[in-house]
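Let's take a walk through a protein model together, one stop at a time.

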Amino acid sequence: MSSLKHKGKGPQAMTANELRDGYSVWLDENLDWTRDYSKSLRTEDQDLIDRMQLKAETDEAKNIVVGTYFIDIESDTGKPARYREKFRVAGPSYDTADLLETK
Amino acid sequence: MYRYDEFDAQLVAERTKQFRGQVERRLAGRLSENEFRPLRLMNGLYLQLHAYMLRVAIPYGTLSSEQFRMLAHLAEKYDRGYGHVTTRQNMQYNWPKLPDVPDMLDDLASVQMHAIQTSGNCIRNVTCDPYAGATAEEIEDPRPMAELIRQWSTLHPEFSFLPRKFKIAVTAAEKDRALIKAHDIGIQIVKNDAGEVGYKIIVGGGLGRTPIIGQTLREYLPKSELLAYLTAALRVYNRYGRRDNKYKARIKILVQETGIEAFREQVEAEYATIDISDIAVSDAERERITSYFASPDFEKLDNDPAELTEALGNNNAFSLWAKNNVADHKADGYAIVNISLKPKELAPGDITAEQMRATADLADKYSFGELRTTHQQNLVLPHVKQADLPALFAALEKVGLATDNINLITDIICCPGMDFCALATARSIPISQAIAERFADPERQRLIGEMQIKISGCINACGHHHVGHIGILGLEKAGVEFYQVKLGGDASEDAAIGKVTGPGFSEEELLDGIENIVELYLVRREEGERFLDTYKRIGMAPFKEVLYA
Ligand code: HEM
Ligand code: SF4
């Protein structure tokens, strides 16, 4: 995936996967990548959105992250609009690893 | 069992070294993601919804205990303590990290394993009847032929960039446990009228968004001509298969659009141009390969030893398990043991590192160090003495591997779905767990009898829902998951694609709907009928009625 120009509706967040560990990450208010979606920057401010785009392109070129793209955010809930993106935020609803950890 | 020759060992070692260099260059930024992506995919490494995923090839589903221990080691050292057995008999890890993958491949290479050709538009890992070499139903062990295809197709220069992926499955029994009619090419070992052993070639089967049952390309192919004939078929596909549209690129679409008669003529015409002697495999070479798969030294034993008959009489849990999970072996006094990876608490096909190790030890103790993975996402110990069955059962119970539901309603095939897969439209694992919960009562499961439920999280159909007696497809609309139901699919030698019942259901409705279907079947079934038989006899309408009641 190349970095998509944002053409979505409403607030936007920028997401990607870490190159090394593969985990899903989002840009936070300092334009650093966070694994914690609750810290992510979600905004309708076009200036910020342009800076997010630039940061994503830069970090993709610097091989920090891969597959950057904007996601639409629901303004009322602050959650991603698309079902799939909600899931990326929540992580697996089931993972055998969780059973092993509680054992 | 087959051991790599020096050629294979060198190839895998070189490939692993090469990939290590590629990963280093990627991490150092000398390769871009666009350059690296095809390289990592060629080595089985995907980027999924939350993380990387590594798919390890298990050629024809056969593993030694040593190899299985290595898979356990990988799960523990580089992943989160478990692996996932897929419907193509491979093993997937859901959480590897990129810098670790070269080490994982090195570890795999140390036991003659790899992840080559588990992705991409090449000939994928050949799958096989998991009872191969153990069942009396087969004409001969199909694995030497599968191994021959593996050698021929590995890094085959002409067939490394096909229009789309290419999957081959083989069996030597009339009873099909390898789903040969839902593969790009399916091969069945058969005898001709003169009693000579050869191959029946099926072509153009597949699941995915356009499910099609394969058709017969050649009724009988002499043994020595296999690779030449496959070459002809793949050449025709390579030449005419569509490259303009990914969704029409599989050979099944080509065969459908060309028509089987015309397609056969094209293959035969191409075949006529091939100098068979160029690529024919000599009897000596075939014998060499076959010798690696020679049966273990079975002892001369009688069927139904006292240890077994006594235990069958005494121990209820054991006898239930033995009746359901154990199949007949070709050698008297031995049995084929199915180990279910469908306990209620784990996702179908998942197995922990601890369980892998335990199974490897049990394979050493009771099954000549050999085990198998199945496309139903279970395991098989192929050669167990009947007298050892009670002890084996007790050992399996200790590690949570004695679930006695093989082929019953809770032995569900299920893809990772939205919980892990980047392509998913809905979750599948929670559905399978809810069904397993709803039908947990072992007596009721037995009352219902053979019932295959198969669940996919999107139209790619990795969970085989098209051929489930009850097939379930997860979809999503406006942020809500819903599930479409198919009835009457069949994954056996009578392969059939199920029919969609109508509009989809919420999870709750789905569970009640399945319950109603099962109830109706129990009321309407006649002596000896499985669900599928009753469905075939009375048709969709009555089931639809209770499903949408
Ligand atoms: C998690 C990563 C996976 C991805 C990205 C993936 C992707 C796909 C895609 C795109 C197709 C359709 C291909 C086509 O028709 O050309 C497909 C089919 C298939 N996959 Fe997967 N899959 C994944 C996992 C699995 C798993 C876990 C299994 C087994 C449990 C599996 C087994 C299959 C099978 C059996 C088919 C369908 C049969 C066919 O038409 O070839 N895949 N997969
Ligand atoms: S069927 Fe769809 S959701 Fe399931 S593993 Fe395949 S691609 Fe993923």
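Which residue of chain B has a backbone N or O atom 3.1 Å from an oxygen atom of ligand 1? That residue is B:L207. Before we go on, some ground rules: this is a predicted model, where local features need pLDDT of at least 70, side-chain atom pairs count only at pLDDT 80 or more, and totals for chains, interfaces and linings use all residues. Residues are numbered from 1 along each chain as its sequence is written, chains are lettered from A and ligands numbered from 1 in the order in which they are written, and side-chain values use heavy atoms, with hydrogens and water left out.

Back to ligand 1. There are 20 residues around this ligand, and B:T87, B:K165, B:K167, B:R250 and B:C462 come nearest (a residue is near a molecule or strand if one of its heavy atoms lies within 4 Å of it). Side chains reach oxygen atoms of the ligand too: an N or O atom in the side chain of B:K167 sits 3.0 Å from one, and a polar side-chain atom of B:R164 is 3.2 Å from one. Sort the shell by class and you get six nonpolar, eight polar and six charged residues. For that sorting, Ala, Val, Leu, Ile, Met, Phe, Trp, Tyr, Cys and Pro count as nonpolar, Asp, Glu, Lys and Arg as charged, and the others, Gly among them, as polar.

Now hop over to ligand 2. Among the residues around it are B:C415, B:C421, B:C458 and B:C462. Its shell has eight nonpolar, three polar and no charged residues. You'll find B:A461 in the loop between β17 (453-456) and β18 (470-477) of chain B. (Helices, H or I with at least four residues, and strands, E with at least two, are DSSP runs numbered from the N terminus.) With 4% relative accessibility, B:A461 counts as buried; buried means under 20% relative accessible area, exposed over 50%, and partly exposed in between, using a 1.4 Å probe and protein chains only.

B:N407 has a positive phi as well, near 70°. It sits in the loop between α14 (389-398) and β16 (413-414) of chain B, and at 27% relative accessibility it counts as partly exposed.

Zoom out to chain B as a whole. It has 19 helices and 20 strands, and of its 549 residues, 61% count as buried. A compact globule with 549 residues would have a radius of gyration near 24 Å, and chain B, at 23 Å, agrees with that. This radius is taken over C-alpha atoms, and the globule rule is 2.2 Å times the number of residues to the power 0.38.

Our last stop is A:S24, in strand β2 (residues 24-27) of chain A. At 7% relative accessibility, A:S24 counts as buried. Its side chain makes a polar contact with the side chain of A:R88 (3.4 Å). A polar contact is a pair of N or O atoms within 3.5 Å; within protein, one must be able to donate a hydrogen and the other to accept it, and residues adjacent in sequence count only if both atoms are side-chain atoms. The side chain of A:S24 also reaches the backbone oxygen of B:L49 at 3.2 Å.
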